[in-house]
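I opened my notebook to work through one structure, a bit at a time. Here is what I looked up, in the order I went.

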Amino acid sequence: MAIGNFEEKISVFEKEAKEAINQAPDLPRLEAIKVKYLGRKGEFNNLVKELPGISGDLRAHIGRRLNSLRSDLETLIGEKFHKLKDESIEKQLKSEGIDISIPGKGVSFGHLHPLTKVERRVEDIFKSLGFSIVFGPEIESEYYNFDALNIPKDHPAREMQDTFWLKDFRSEDPKKNFLLRTQTSNMQVRYMEKNNPPLRIIVPGRVYRYEATDASHEIQFHQVEGLMIDKNISMVNLKAVFEEFFKKFFDKKKVEIRFRPGYFPFVEPGIEVDIKLGDSSKWLEVAGAGMAHPKVFRAARYVPGEWQGFAFGMGLDRLAMLYYGINDIRLFYSGDFRFLKQF
Ligand code: FA5
């Protein structure tokens, strides 16, 4: 081949390859162009194969020309590669439409159950009145739940609190016969046995009764027992504690308190406590109470004439209903998030 023709051929190749590289529309096609021109079986190597046919100094000259052409084309391909890569990232970002001004997804937090909130509120108020908080067992013996509270077997008062018995733990001995406690009063004798008066405690906790449910009765609910034993304690102290408690609990909202005579074998006299809130005309029973019975002192090995005290048992769920304006006690354990999210 005449040398002029070969140089011409190289120039044509150079022009064509550079144009193809510059016009490559995307990365896959750039890759195909690279293979076509610079690949092992590509057009550049076809030119190189023709070199041995050229003689002497000219071969060296053409060789240098081809080497520099190869390096030019590689640089060009490298630059085009980065350009196309940038373009494709930009296109992707645009198509995915990332808008950094859109607010992030909120992380949702849990919160306390309304009954827990009310229980803590009640605890704080009684703490401020000098009471200690004590907890007791929910699985209890018949003895502490009934007998020690002056409610022996076959006593009609037992029928007032229908009981869940633990069928694998039955015994003729009341101390070994187990049940789910029906009242937080189970802690009265338990606590007095281990602590000498004077004392001032509350016992919040869960209790269970085997009874039909309705808007104000559940089979599982919560009570707060109160016990204050000292010298010279009377119903006046009980009334004062209730008044102070309800004033604080309802944040100075108007609360009327009514005491009705009530019967509980472990107090004498016994009362039922009703309250009426704001301008409502409805009384709601919230507690049973009274002066601790001498028989209960005896069960706790206290000398009855020496000490007096009062005890009360408030329905915590009923308080929560009044506090939040809830009209059905069954909502608390319905597991309905629409209800729970409101608190
Ligand atoms: C008692 O349980 C006594 N232990 C209270 C007591 C303690 C009296 C100390 C004297 C001295 P009673 O069964 O009435 O009493 O329940 C007390 C309160 O618990 C009621 O006033 C009511 O507010 C609440 N309560 C009772 N039964 C239910 C129920 N099924 N569901 C929701 N709350 C209830």
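**Entry 1: the ligand.** I started with the residues around the ligand. There are 26 of them, and Gln-183, Ser-185, Arg-209, Glu-211 and Glu-285 come nearest. I kept in mind that this is a predicted model.

The side chain of Arg-209 has an N or O atom 2.8 Å from an oxygen atom of the ligand. For Glu-211, I found a side-chain N or O atom 2.6 Å from a nitrogen atom of the ligand. Then I checked how covered the ligand is: taken alone it exposes 680 Å², and the protein buries 96% of that.

**Entry 2: the sheet.** In which order do the seven strands of the open sheet run? I wrote down E1-E4-E5-E9-E8-E7-E6, and the pairing is mixed. The edge strands are E1 (132-133) and E6 (255-261), since each pairs on one side only.

E1 and E4 run parallel and are joined by two bridges. Ser-132 stands opposite Ile-201 in E4. On to the next pair: E4 and E5 are antiparallel, with ten bridges between them. Here I noted Tyr-208 opposite Gln-220 in E5.

E6 pairs with E7 (residues 267-277) in the antiparallel sense, over seven bridges. Phe-259 stands opposite Val-273 in E7.

A reminder to myself: in a regular strand, side chains alternate between the two faces of the sheet.

**Entry 3: what covers E4.** Is E4 mostly covered or mostly open? Mostly covered: eight of its ten residues are buried. I also looked up helix H5 (residues 114-128), which lies across E1, E4 (199-208), E5 and E9 (308-315). H5 runs at about 165° to E4.

**Entry 4: Asp-230.** I finished with one residue. Asp-230 sits in strand E5, which covers residues 220-230. Is Asp-230 buried or partly exposed? Its relative accessibility is 26%, so Asp-230 counts as partly exposed; the cut-off for buried is under 20%.

Which residues does Asp-230 touch, leaving out those up to four places away in sequence? I got Pro-198, Trp-307 and Gln-308. Last, I checked Asp-230 against Ala-289: they are 59 residues apart in sequence and 17 Å apart in space, C-alpha to C-alpha.

Key. Residues are numbered from 1 along each chain as its sequence is written. This is a predicted model: local features need pLDDT of at least 70, side-chain atom pairs count only at pLDDT 80 or more; totals for chains, interfaces and linings use all residues. Side-chain values use heavy atoms; hydrogens and water are left out. Helices (H or I, at least four residues) and strands (E, at least two) are DSSP runs, numbered from the N terminus. Buried means under 20% relative accessible area, exposed over 50%, partly exposed in between (1.4 Å probe, protein chains only). Contact means heavy atoms within 4.5 Å. Two strands pair if DSSP finds at least two bridges between them. Axes are lines fitted to C-alpha atoms, for helices over the stretch in contact, and angles run from 0 to 180 degrees between N-to-C directions. A residue is near a molecule or strand if one of its heavy atoms lies within 4 Å of it. A polar contact is a pair of N or O atoms within 3.5 Å; within protein, one must be able to donate a hydrogen and the other to accept it, and residues adjacent in sequence count only if both atoms are side-chain atoms. Accessible areas come from the Shrake-Rupley method with a 1.4 Å probe; for residues, only the protein chains shown count as cover.
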